[in-house]
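Trainee: I would like to work through this model with you, one question at a time, starting with its aromatic rings.

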Amino acid sequence: MKITGVFVLLTLAVLCLAREMPLCLQVDCSEYRRLERGRPIYCERLYQPFCGSDGKTYNNKCSFCKAVLRSRGALHMRQAGVC
């Protein structure tokens with residue numbers, strides 16, 4: 001049982017570290033999709049940077065999700081932190 005648990009954890013770690021696996025680099029923007037269309041989304045002035053697939057650093061999850069919605073889902077997170 002212990003060996004199976006260790007194997008599963010190591011497998012998950014390898015998958016999360018692999019660049020080809022976007023599953024670990026997904027940001028849940030569903031809370032912003034539920035807002036009324038056409039209504040502005042106001043973000044806090046909190047600095048927790050996200051690096052987008054466009055090479056731009058976004059200040060926080062809110063500003064990143066706004067850009068994702070504007071791109072109609074074409075934008076993805078490259079990494080947590082500054083680009």
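This is a predicted model: local features need pLDDT of at least 70, side-chain atom pairs count only at pLDDT 80 or more; totals for chains, interfaces and linings use all residues.

Trainee: What is the geometry of the pair formed by phenylalanine 50 and phenylalanine 64?

Mentor: The ring centres of phenylalanine 50 and phenylalanine 64 are 5.8 Å apart with planes at 20°, so this pair is stacked. Phenylalanine 50 belongs to strand S1 (residues 50-52) and phenylalanine 64 to helix H3 (residues 61-70), so that the pair links distant parts of the chain, 14 residues apart; helices (H or I, at least four residues) and strands (E, at least two) are DSSP runs, numbered from the N terminus. The geometry asked for is therefore stacked.

Trainee: Is phenylalanine 64 buried or exposed?

Mentor: Buried means under 20% relative accessible area, exposed over 50%, and partly exposed in between (1.4 Å probe, protein chains only). Phenylalanine 50 has a relative accessible area of 15% and is buried. With 2% relative accessibility, phenylalanine 64 counts as buried.

Trainee: Which residues do the ring pairs link into a cluster?

Mentor: Tyrosine 58 and phenylalanine 64 have ring centres 5.6 Å apart and planes at 75°, so they form an edge-to-face pair. Tyrosine 58, at 7% relative accessibility, counts as buried. The cluster that the ring pairs build consists of Phe50, Tyr58 and Phe64.

Trainee: Which residues make up the largest nonpolar core?

Mentor: A nonpolar core is a set of buried Ala, Val, Leu, Ile, Met, Phe, Trp, Tyr and Cys residues joined through side-chain atoms within 4.5 Å. In soluble globular proteins, nonpolar side chains tend to be buried together. The seven residues of the largest nonpolar core here are Phe50, Tyr58, Phe64, Ala67, Val68, Leu75 and Met77.

Trainee: Which element gives the most to this core?

Mentor: Cys62, Ser63, Phe64, Cys65, Ala67 and Val68 are buried in H3, and what covers the buried residues of H3 includes helix H2 (30-33), S1, strand S2 (57-58) and strand S3 (77-80). The largest nonpolar core includes Phe64, Ala67 and Val68. With three residues, the element that gives the most to this core is H3.

Trainee: Which backbone nitrogen does the side chain of asparagine 60 reach at 2.9 Å?

Mentor: Asparagine 60 sits in the loop between S2 and H3 and is buried, with a relative accessible area of 5%. At the start of H3, one of its side-chain oxygens comes to within 3.2 Å of the backbone nitrogen of cysteine 62. Polar contacts are pairs of N or O atoms within 3.5 Å; within protein, one must be able to donate a hydrogen and the other to accept it, and residues adjacent in sequence count only if both atoms are side-chain atoms. The backbone nitrogen that the asparagine 60 side chain reaches at 2.9 Å is that of serine 63.

Trainee: What is the salt-bridge partner of glutamate 31?

Mentor: A salt bridge is a side-chain nitrogen of Lys or Arg within 4 Å of a carboxyl oxygen of Asp or Glu, and the structure holds one. In this bridge, the closest N and O atoms of glutamate 31 and lysine 61 are 3.1 Å apart. Glutamate 31 is in helix H2 and lysine 61 in helix H3, so the pair ties together parts that are 30 residues apart in sequence.

Note on methods:
Residues are numbered from 1 along each chain as its sequence is written. Side-chain values use heavy atoms; hydrogens and water are left out. Rings of Phe, Tyr and Trp (its six-membered ring) pair if their centres lie within 6.5 Å; planes under 30 degrees apart count as stacked, over 60 as edge-to-face and the rest as tilted. Contact means heavy atoms within 4.5 Å.
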